[in-house]
Amino acid sequence: MEISVTVNGRSYQHNVPPRLLLVHYLREYLNLTGAHVGCDTSQCGACVVHVNGQSVKSCTLLAVQANGSEVTTIEGLAKGDTYTPMQQGFWEKHGLQCGFCTPGMIMSASALLQRNANPSETEIRHALEGNLCRCTGYENIVRAVQYAAGQINGSGSNGHAMHEQAKPETPETPAELEHPQRDEGAPEHPETVEEWQSENAGVSDDAPAGEGRS
Ligand code: FES
Ligand code: FES
């Protein structure tokens, strides 16, 4: 069947088999191999591209269904040597390990920021539910999306990320839980009656503060 599509701003016409999947059309006819095939169950999201501005798993669409559409793949995001904020975020926050899931992650996350420029962490995780990372680097992927949102909003960090950074540190070990570290410079306080008695032994009522200790 004859199809005509615009991919990354270029027009293409091809005669394709009616059962050809879009992902195979992109990879085999156009040599755009950024969209990966990571499963045969439409679960992994490694094949995500944009079709008319919507993120789509290109393994779930026939090439003929994209006839007349505008398709953007990972190869079409950067303008020359200039990465998008999302691509830069994955670089800055080390949002990838083997990189197999990365094109799909970036395409899904980019679509998220187009409809919600300041997503919460929960919204980011929800939006990426259809993208699996077999290296399990989800924390840094979320940080990368937050970085991109911050860049787009001009703050260098989105409000939700700043809120999270301001959260108090939580103890990580049982020892820290029992003896939480005090802030540096915070005054020491006696922790037992004996310590208190020893610190206050011999302090006279009219002695200047800090004097009169044995
Ligand atoms: S290859 Fe499309 S979802 Fe896995
Ligand atoms: S970075 Fe390896 S699968 Fe995600």
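1. Disulfides. The count of disulfides in this predicted model comes to 0, where a disulfide is a pair of cysteine sulfur atoms within 2.5 Å. Cys101 is buried, with a relative accessible area of 9%, and Cys133 is buried at 8%. Buried here means under 20% relative accessible area, exposed over 50%, and partly exposed in between, with a 1.4 Å probe and protein chains only.

2. Basis of the values. Residues are numbered from 1 along each chain as its sequence is written, and chains are lettered from A and ligands numbered from 1 in the order in which they are written. Because the model is predicted, local features need pLDDT of at least 70 and side-chain atom pairs count only at pLDDT 80 or more, while totals for chains, interfaces and linings use all residues; side-chain values use heavy atoms, with hydrogens and water left out.

3. Overall architecture. The protein chain contains 8 helices and 5 strands, in the order β-β-α-β-β-β-α-α-α-α-α-α-α along the sequence. Helices (H or I, at least four residues) and strands (E, at least two) are DSSP runs numbered from the N terminus. Of the 214 residues in the protein chain, 35% are buried.

4. Strand 3 and its partners. Strand 3 (residues 48-51) directs Val48 and His50 one way and Val49 and Val51 the other way, and all are buried. In general, the side chains of a regular strand alternate between the two faces of the sheet. Strand 3 runs antiparallel to strand 4 (residues 54-57), to which 4 bridges join it; two strands pair if DSSP finds at least two bridges between them. The partner of Val48 in strand 4 is Lys57. The hairpin of strand 3 and strand 4 has 2 residues between the strands, and Asn52 takes a positive phi near 50° there. Strand 5 (residues 70-72) is also antiparallel to strand 3, through 2 bridges, and Val71 in strand 5 is the bridge partner of Val51.

5. Helix 1. Which residues of helix 1 (residues 22-29) are buried? They are Leu22, Val23, Tyr25 and Leu26. These residues lie on the same side of helix 1, because they cover an arc of only 165° around the axis, the arc being that of the directions from the helix axis to the C-beta atoms. They pack against strand 1 (2-7), strand 2 (10-15), strand 3 and strand 5. Asn31, which follows helix 1, has a positive phi near 60°.

6. Nonpolar cores. The largest nonpolar core has 22 residues, and those with the most contacts inside it include Val7, Leu22, Leu30 and Val49. Such a core is a set of buried Ala, Val, Leu, Ile, Met, Phe, Trp, Tyr and Cys residues joined through side-chain atoms within 4.5 Å. Strand 1, helix 1 and strand 3 each give two or more residues to this core, and the largest share, 4 residues, comes from helix 1. Apart from this core lies another, of 21 residues, among them Met86, Ile106, Met107 and Leu113.

7. Two individual residues. Leaving out residues up to four places away in sequence, Val7 touches Tyr12, Leu26, Leu30, Leu32, Val71 and Thr73, contact meaning heavy atoms within 4.5 Å. Thr102 belongs to helix 3 (residues 102-115) and counts as buried at 8% relative accessibility. Beyond its neighbours within four places in sequence, Thr102 is in contact with Phe90 and Leu96.
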